[in-house]
Amino acid sequence: MKSSVVALLSGLIIILGLEAMLLWPTLFLVPLIIINLAIFFSVFLLVRENNLRWRWIVFSALPIIFINALVVSCGLIPQITLWNKILLQIIFFAAVYFFLFYIRNLWLYFNFPERPNNLDNFSFGMAIVTAFFCSSAIFGLQLFLSLPYLILAVIIAAILTLLVFCNLWMSRLFGLELWPLLLILFFLFIQIVWALYFLPFDYTVLSFVMTLVFYLALSLARLDLRQMLNRHNLKPLLIYVGIVLLIILATVRWH
């Protein structure tokens, strides 16, 4: 079966599985497993066609984390109002679009490596969105499950570090210098999550702040590995992050 057909079938399975979770929330684990298998198989088939062996694990990690984090974070949204129900539908269809667009650019990445494609920029944007859903899901679960905060910090740091690795791999920015950088980012993320614990914000605001930190860390890592980390590139990045952070802190409600 062609990888394009499998990708379309996987997209259909994803949207049906997400809708099934809304209809039968007590059985959410069954459609979630089916969705994960569909994503794994579609990426695996695409990678196998190009004889890349084990690399399907790396290329499937980003959409897998994205979908699972989206499911958990959306589960925290109450379906009481009509607006929330519409918002969930928009998120679900956007998730399917992201997945299909990702698969298409992955196909171009494998079959026409000499041609420019959007996988680099798209995986960067998808990693940012995934970081928000991951942070929102884990921060939100901590409120309901009362998990020890150190475990929470390690889990978030590990997932965000994996997202950094996936994006840098797809951008062909991998080598021996990548591993110490990932280790530094892992411990940096732990400290940032721990520091956010003392801020009087709800989990959504904390997720926005953590996503902003992730965006800054990933951008710096990409610039560093491309040997473009200089004042000319660093200044606008820091200004942008600073302005967004000030807007968040000035508009949120302090508890």
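Mentor: Let us begin with W194, which at 40% relative accessibility counts as partly exposed. Bear in mind throughout that this is a predicted model.

Trainee: Why does W194 count as partly exposed?

Mentor: Buried residues have under 20% relative accessible area and exposed ones over 50%, with partly exposed in between. W194 falls in that middle class because its relative accessibility is 40%.

Trainee: Which residues does W194 touch, not counting residues up to four places away in sequence?

Mentor: W194 has its place in helix α7, and this residue is among those of α7 that make the contact with α6. Leaving out residues up to four places away in sequence, the residues that W194 touches are Y149 and L150.

Trainee: How far apart in space are W194 and V154, C-alpha to C-alpha?

Mentor: V154 is listed on the α6 side of the contact, and W194 on the α7 side. The two residues are 40 residues apart in sequence, while their C-alpha to C-alpha separation in space is 9.5 Å.

Trainee: At what angle do helix α6 and helix α7 pack?

Mentor: Helix α6 covers residues 149–170 and helix α7 residues 178–196, and their axes lie 8 Å apart. The crossing in which α6 passes α7 is right-handed. The angle at which these two helices pack is about 140°.

Trainee: How do the residues of the contact of α6 with α7 divide into nonpolar, polar and charged?

Mentor: On the α6 side the contact includes I156, L160, V164 and F165, and on the α7 side it includes L182, F186, F189 and V193. Taking the residues of the contact together, the division is 21 nonpolar, one polar and no charged.

Trainee: Which element gives the most to the lining of the largest pocket?

Mentor: The largest pocket holds about 340 Å³ of space, and among its 16 lining residues M21, F28, V71, C74 and G75 are the closest to its centre. By class, that lining has 14 nonpolar, two polar and no charged residues. Two or more residues come from each of α1 (3–23), α3 (56–75) and α4 (82–111). With four residues, the element that gives the most is α3.

Trainee: Is Q227 buried or exposed?

Mentor: Q227 lies in the loop between α8 (203–225) and α9 (231–251), and it has a positive phi of about 55° although it is not a glycine. Because its relative accessible area is 74%, Q227 is exposed.

Conventions. Residues numbered from 1 in each chain as written. Predicted model: local features only at pLDDT ≥ 70, side-chain atom pairs only at ≥ 80, totals over all residues. Heavy atoms only, no water. Axes fitted to C-alpha atoms, helices over the stretch in contact; angles between N-to-C directions. Left-handed = near helix turned anticlockwise from the far one by under 90°. Contact = heavy atoms within 4.5 Å. Nonpolar A, V, L, I, M, F, W, Y, C, P; charged D, E, K, R; others polar. 1 Å grid on protein atoms, 1.4 Å probe; cavity = no way out; pocket = protein on both sides within 12 Å on 5 of 7 lines; lining within 4 Å. Points joined across faces, edges and corners; volume = space filled by probe spheres on them. Buried < 20%, exposed > 50% of the residue type's maximum accessible area, 1.4 Å probe, protein only.
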